[in-house]
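Reader: I would like to learn how to read a sheet and a helix contact. Can we work through them one at a time?

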Amino acid sequence: MTDTAPKTVGTRELNRLVVRFAGDSGDGMQLTGDRFTSASALFGNDLATLPEFPAEIRAPQGTLAGVSAFQVQVSDHEITTPGDAPNVLVAMNPAALRKELAYLEMGGTVIVNQDAFVERNLAKAGYDSDPLDDGSLDNYTLFKVPMTAITKEVCKGLGVKPRDAERSKNFFALGLLTWLYSRPAQPTLDWISAKFKRQQLVADANTAAFKAGMAFGETAEFFDFTYEVRPALLAPGTYTNVNGNTALSWGLVAASQLAKVPLFLGSYPITPASDILHELSQRKNFGVRTFQAEDEIAAVCAALGASFGGHLGVTTTSGPGVALKGETIGLAVSLELPLLVVNIQRGGPSTGLPTKTESADLMQAMYGRHGESPVPIVAAYSPSQCFFAALEAARIALKYRTPVILLSDGYLANGSEPWCLPEVATLPDLTVEFATSPNHTEADGAEVFWPYLRDPETMARPWAVPGTPGLTHRIGGIEKEDGTGNINYEADNHGHMVTLRHDRVAHIAKDIAPTMLEGDIDDAEVLVLGWGSTWGAITSAVVRARAEGRKVAHAHVTHLNPLPEDLGDIVRRYPKVLVPEMNLGQFCRIIRAEFLVDAQSLPKVEGVPFTAAELHRHIIGALDD
Amino acid sequence: MTDVPTTAKADWASDQEVRWCPGCGDYSILTAVQLLMPDLGVRREDTVFISGIGCAARFPYYMNTYGIHGIHGRAPALATGLAMARPDLHVWVVGGDGDMLSIGGNHLLHSLRRNVNLNILLFNNQIYGLTKGQYSPTSEIGKVTKSTPAGSIDEPFNPVSVALGAEASFVARTHDMDRQHMMDMFRRAHDFPGAAFVEVFQNCNVFNDGAFGAITKKDKRASMLIPLEHGKPIRFGDEGEKGVIINPQGSAQVVDVADVGESALLVHDETRQDPSLAFALSRLSAGPFEPTPVGVFRAVERSEYAAEASKQLAMAQEQSGPGDLETLLHSRPTWEVS
């Protein structure tokens with residue numbers, strides 16, 4: 001190959017490119033992928049990412065269990081998924097190659113760190129012979145690059161110890177990919193010097209390795225062409241690249257600012273939700289109080305206590321944490337105070353798959369408390385949309401004085417995409433009115449405060465915070481009389497209160513946006529009905545099917561309780577309803593029960609998101625059935 | 001504290017009928033609290049009582065203040081959130097031995113460790129009352145109850161020892177038969193800037209009647225209760241004939257003053273940083289059948305949690321100015337599409 005390569009290579013244009021970086025947990029693959037993504041974002045591509053890493057921080061080096069991968073799709077047009085099969089696999093060791101090769105498209109490009117393919121590593125990965133030489137990669141375009149050796153070599157004069165120098169090899173890989181796919185280099189160079197400004201040697205080594213990677217591509221006469229993915233034609237505006245957890249954190253800060261109510265986060269570290277705690281603990285100048293509690297229960301209790309004090313109480317967790325918080329959420333239902341419970345769903349049951357995605361906590365959100373304890377549920381559907389989902393969940397909690405569950409998942413939490421930043425002035429006003437004076441006159445003319453006397457429109461009770469004179473009152477989890485809030489065990493009263501708590505949540509349906517409906521709205525033969533993070537894959541699959549002339553519509557639900565008022569008409573309108581979801585059909589069961597339609601479930605519970613291709617296949621299958 | 005209206009006990013009582021069993025020790029504790037409140041110079045609306053579940057946990061309903069009757073064991077956690085959000089409030093936590101040492105033990109430990117500005121009253125009656133008489137984490141070994149027909153085999157907690165072991169800054173003990181002593185301890189708890197823990201020996205006359213009778217009955221107190229007074233040698237008995245020393249093994253020990261001389265007695269220092277002497281005093285009695293110390297074991301001021309949290313907020317605002325949403329949204333690399 002090198003014999004015939006021209007001295008100067010040509011450039012070929014690609015519409016889209018899917019790269020998968022894979023290596024050992026300690027190889028810095030998440031960082032490498034993230035940097036490639038950032039440079040592409042600044043270049044103006046549309047993109048979507050899929051980080052995948054093991055639950056172990058440092059699994060045994062060189063083993064299949066320790067492989068960490070990061071997939072990114074960059075394109076010159078709007079995209080909604082991180083891509084199905086990668087075009088390029090960067091494998092830093094034999095384990096990464098063995099584990100990730102199956103994802104690669106047939107004929108795809110494999111770039112390996114040749115230096116890692118030694119007997120010991122091959123054995124650890126379970127290879128009997130070296131795949132680089134035994135012909136098993138004949139169906140792919142293979143580039144063997146001595147990344148470790150070159151990185152060590154260029155770091156020699158810098159005063160970096162050889163072992164430390166080796167750790168910069170991920171920047172060599174990044175440099176090579178940056179050159180090969182015509183990514184801008186400057187953002188990465190800037191990032192290195194900013195990130196490691198207090199560790200000059202590390203900054204120097206990373207810079208040297210990155211530049212060596214670029215130089216290698218240019219001079220090694222390995223590559224016939226470089227490739228280019230031109231900027232996407234996105235809507236005008238200012239963009240930033242954001243993942244779901246960051247967008248969600250910012251949404252919470254925004255909700256607090258727009259409501260003029262301080263934000264209180266009670267949280268206990270749990271994957272994949274902890275980054276929200278990290279992000280918000282840096283927002284103290286917004287008056288955000290973060291409290292790392294002793295456990296999940298204390299975290300939600302502290303948030304509820306803060307809500308009683310007039311703050312927006314929030315707790316962030318994942319499914320196992322929600323299981324522990326159930327009793328407190330029930331208390332919040334009874335107290336009728338604002339509370340946000342954010343569930344970044346992960347694979348279950350039990351510890352399950354902490355770092356893998358799943359959306360199987362819908363029934364837990366609906367019914368995971370004792371008694372009749374309805375809670376509004378909002379679900380985010382894309383990384384950047386987590387911002388608006390948080391705003392909406394907070395709006396409902398504050399306006400209707402109720403706990404609200406906000407569902408995201410590991411895929412949205414860690415996946416990123418370009419976000420056209422909203423104008424702050426266009427964000428909704430969430431101003432809250434606290435009770436300041438008595439609201440009831442007794443028979444004897446005395447002015448008193450009844451904590452459960454409701455707003456006739458919202459059915460919400462007044463929010464009277466401690467410190468307000470004349471409004472002292474006691475609330476609790478025991479059944480209470482409507483109006484006065486006094487303890488009441490009477491049969492009729494309990495029936496009344498149960499119905500009332502149900503109605504006041506059901507009633508919120510009048511105050512939410514209509515269902516998102518796209519595609520062949522008037523004459524579709526199949527409706528694909530989704531919720532949560534399946535949005536990207538469904539959108540992509542539906543667009544593809546329609547491009548082939550097939551009649552398909554896509555409805556996506558962001559409010560799972562109460563459901564939008566128009567949803568019944570929508571699901572009854574189409575001959576077939578397909579419900580893809582990352583669980584065994586929980587939403588489908590709700591749809592069937594609520595609307596008596598023969599909706600068909602499309603489950604996938606494998607810890608990885610749907611691909612557009614598999615959904616496309618199912619849609620065509622349903623159409624041709 | 002300025003212009004706090006003058007109030008009387010009745011102003012602090014809510015309009016709710018008190019529903020404890022007749023003769024319950026909780027009544028006298030409620031009276032002591034309601035009598036004390038007018039003297040504290042605080043407003044009713046700035047005062048919050050938070051509880052969990054159990055007989056003691058009904059307490060907030062009877063106070064004409066703000067209040068939450070929460071869920072079992074979680075009162076310290078609810079109160080921590082409120083105290084952090086609203087450092088301007090006076091937050092009291094009330095619960096029993098099952099509530100705060102069994103199901104909610106974890107939250108009690110951590111609120112004490114963090115030193116959140118809470119006044120925590122633990123009504124210890126050594127039994128589960130509301131669930132009708134099972135043994136509790138403070139019941140003595142061998143206790144026969146509905147759930148331990150052959151006698152309890154659980155080693156009980158000593159609440160004062162637990163609190164001291166959890167890094168508590170303020171630890172006191174009192175009992176429901178001495179209103180003035182309760183009021184003194186509750187006042188000290190209120191005045192203390194941090195987590196203040198008070199164990200109250202409380203008689204459950206239905207399921208564990210007379211549990212503390214051997215030490216709290218009027219005619220027993222002089223010989224069975226050891227008053228801890230800061231700066232004074234620890235002595236008790238009708239004539240002050242008994243005293244407490246630290247023996248060569250490092251344990252607290254009851255002695256006849258005549259045998260050792262007054263100068264050998266331990267002089268109580270509640271402000272001593274090292275909690276080991278306070279802990280030794282907490283181990284002096286193995287249960288309410290032998291001389292038992294009451295009073296303030298420890299009162300050592302240190303940084304209060306909510307105040308420290310507020311300080312970090314103020315510092316962040318000083319350093320980076322008040323938060324601006326527009327700036328936050330643009331805080332990462334951005335690019336323009338036109």
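Reader: In what order do the five strands of the open sheet in chain A lie?

Author: This is a predicted model. As a general idea, the strands of a sheet pair through backbone hydrogen bonds, either parallel or antiparallel. Here the order is β20-β22-β21-β24-β25 in chain A, and the pairing is mixed. β20 (516-519) and β25 (600-603) of chain A each have a single partner strand, so they stand at the edges with one side lacking a neighbour in the sheet. On average, neighbouring strands are turned by 25 degrees against each other, direction ignored.

Reader: In which sense do β21 and β24 of chain A pair?

Author: Strand β21 (residues 526-531) and strand β24 (residues 576-581) of chain A pair in the parallel sense, over three bridges. In this pair, V528(A) is opposite L578(A) of β24(A).

Reader: Which strands does helix α19 of chain A touch?

Author: Helix α19 (residues 586-595) packs on the sheet and touches β21, β24 and β25 of chain A. Its direction makes about 145 degrees with that of β24(A). Helix α17 (residues 535-547) of chain A lies across β20, β21, β22 (552-557) and β24, and runs at about 165 degrees to β22(A).

Reader: Now the helix contact. At what angle do α11 of chain A and α2 of chain B cross?

Author: The axes of α11 (residues 296-308) of chain A and α2 (residues 75-85) of chain B cross at roughly 45 degrees and come within 6 Å. That angle makes α11(A) oblique to α2(B). The crossing of α11(A) and α2(B) is right-handed.

Reader: Which residues make the contact?

Author: Among them are I297(A), L304(A) and F308(A) of α11(A), and L78(B), L82(B) and M84(B) of α2(B). The residues of this contact divide into 14 nonpolar, three polar and no charged.

Note on methods. Residues are numbered from 1 along each chain as its sequence is written. Chains are lettered from A and ligands numbered from 1 in the order in which they are written. This is a predicted model: local features need pLDDT of at least 70, side-chain atom pairs count only at pLDDT 80 or more; totals for chains, interfaces and linings use all residues. Axes are lines fitted to C-alpha atoms, for helices over the stretch in contact, and angles run from 0 to 180 degrees between N-to-C directions. Helices (H or I, at least four residues) and strands (E, at least two) are DSSP runs, numbered from the N terminus. Angles under 35 degrees count as roughly parallel, over 145 as roughly antiparallel, 65 to 115 as roughly perpendicular and the rest as oblique. A crossing is left-handed if the near helix is turned anticlockwise from the far one by less than a right angle, and right-handed if clockwise. Two residues are in contact if their C-beta atoms, placed from the backbone, lie within 7 Å. Ala, Val, Leu, Ile, Met, Phe, Trp, Tyr, Cys and Pro count as nonpolar, Asp, Glu, Lys and Arg as charged, and the others, Gly among them, as polar. Two strands pair if DSSP finds at least two bridges between them.
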